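Subject: Handover of a structure

Dear colleague,

Please find the sequence and the structure below. My notes on what was found follow directly after them.

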Amino acid sequence: MARGNKSIFSHALIAATLLAGSFAARAEMTYTITSYPAGLADLPCDAFKKNPDGSWTQVAILIAEGALIVGLNFKDTNETRIIESKCDKR
């Protein structure tokens, strides 16, 4: 491998490692809420991701009343209204 290619490869490897680390850190966010769905209002907005179709995806791990809640999608639900009232600033 030529020296220039090694440099490009090493920069790409560093960038990929940092990107993977940021996704891993985001996926490991865990929050405990006291009630569901009302407790969603107490979460930071980065616990959710707004999708192009207007739905919301839960990206954090939630624990509510002892139950583990992972990876839900919301659209036109009570959860959607709670999340949007806090996080959907147009």
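**An exposed residue in a loop**

Glu 65 counts as exposed, because its relative accessibility is 62% and the cut-off for that word is over 50%. Please keep in mind throughout that this is a predicted model. Glu 65 sits in the loop that runs between strand 4 (61-64) and strand 5 (67-69). Its backbone deserves attention as well: phi of Glu 65 is positive, at about 50 degrees, although the residue is not a glycine. In general, most residues other than glycine have a negative phi.

Asp 76 can be read alongside it. Here phi is near 55 degrees, again a positive value in a residue other than glycine. Asp 76 belongs to the loop between strand 6 (73-74) and helix 2, and with a relative accessible area of 62% it is exposed.

**The chain as a whole**

The chain contains two helices and six strands. Followed along the sequence, these elements give the pattern α-β-β-β-β-β-β-α. Of the 90 residues in the chain, 26% are buried. The accessible surface of the chain comes to about 6,100 Å², and carbon and sulfur atoms account for 61% of that surface. When contacts between residues at least 6 apart in sequence are considered, 47% of them join residues at least 24 apart.

Three strands form an open sheet in the order 1-4-5, and their pairing is mixed. Strand 1 and strand 5 stand at the edges with a single partner strand each, so one side of each has no neighbour in the sheet. On average, neighbouring strands of this sheet are turned by 25 degrees against each other, direction ignored. Strand 4 pairs with strand 5 in the antiparallel sense, over three bridges. Within this part of the sheet, Ala 64 has Ala 67 in strand 5 as its bridge partner.

**The disulfide**

How many disulfides does the count come to? The count comes to one disulfide. In general terms, a disulfide is a covalent bond between the sulfur atoms of two cysteines. In this model the bond joins Cys 45 to Cys 87, with an S to S distance of 2.2 Å. The pair links distant parts of the chain, 42 residues apart: Cys 45 is in the loop between strand 1 (30-33) and strand 2 (48-50), while Cys 87 is in helix 2 (residues 78-87). The link of Cys 45 and Cys 87 is left-handed, with -90 degrees about the S-S bond.

Are the two cysteines buried or exposed? Cys 87 counts as buried because its relative accessibility is 17%, and buried means under 20%. Cys 45 is partly exposed, with a relative accessible area of 31%.

Leaving aside neighbours within four places in sequence, Cys 45 is in contact with Lys 86 and Cys 87. The C-alpha atoms of Cys 45 and Asp 88 are separated by 8.9 Å, and these residues are 43 apart along the chain.

**A cis peptide bond**

The loop between strand 1 and strand 2, where Cys 45 lies, also holds Pro 37. The peptide bond from Tyr 36 to Pro 37 is cis, with omega near 10 degrees. In general, most peptide bonds are trans.

With kind regards

How values were computed
Residues are numbered from 1 along each chain as its sequence is written. This is a predicted model: local features need pLDDT of at least 70, side-chain atom pairs count only at pLDDT 80 or more; totals for chains, interfaces and linings use all residues. Side-chain values use heavy atoms; hydrogens and water are left out. Helices (H or I, at least four residues) and strands (E, at least two) are DSSP runs, numbered from the N terminus. Buried means under 20% relative accessible area, exposed over 50%, partly exposed in between (1.4 Å probe, protein chains only). Contact means heavy atoms within 4.5 Å. Accessible areas come from the Shrake-Rupley method with a 1.4 Å probe; for residues, only the protein chains shown count as cover. A disulfide is a pair of cysteine sulfur atoms within 2.5 Å. Two strands pair if DSSP finds at least two bridges between them. Axes are lines fitted to C-alpha atoms, for helices over the stretch in contact, and angles run from 0 to 180 degrees between N-to-C directions.
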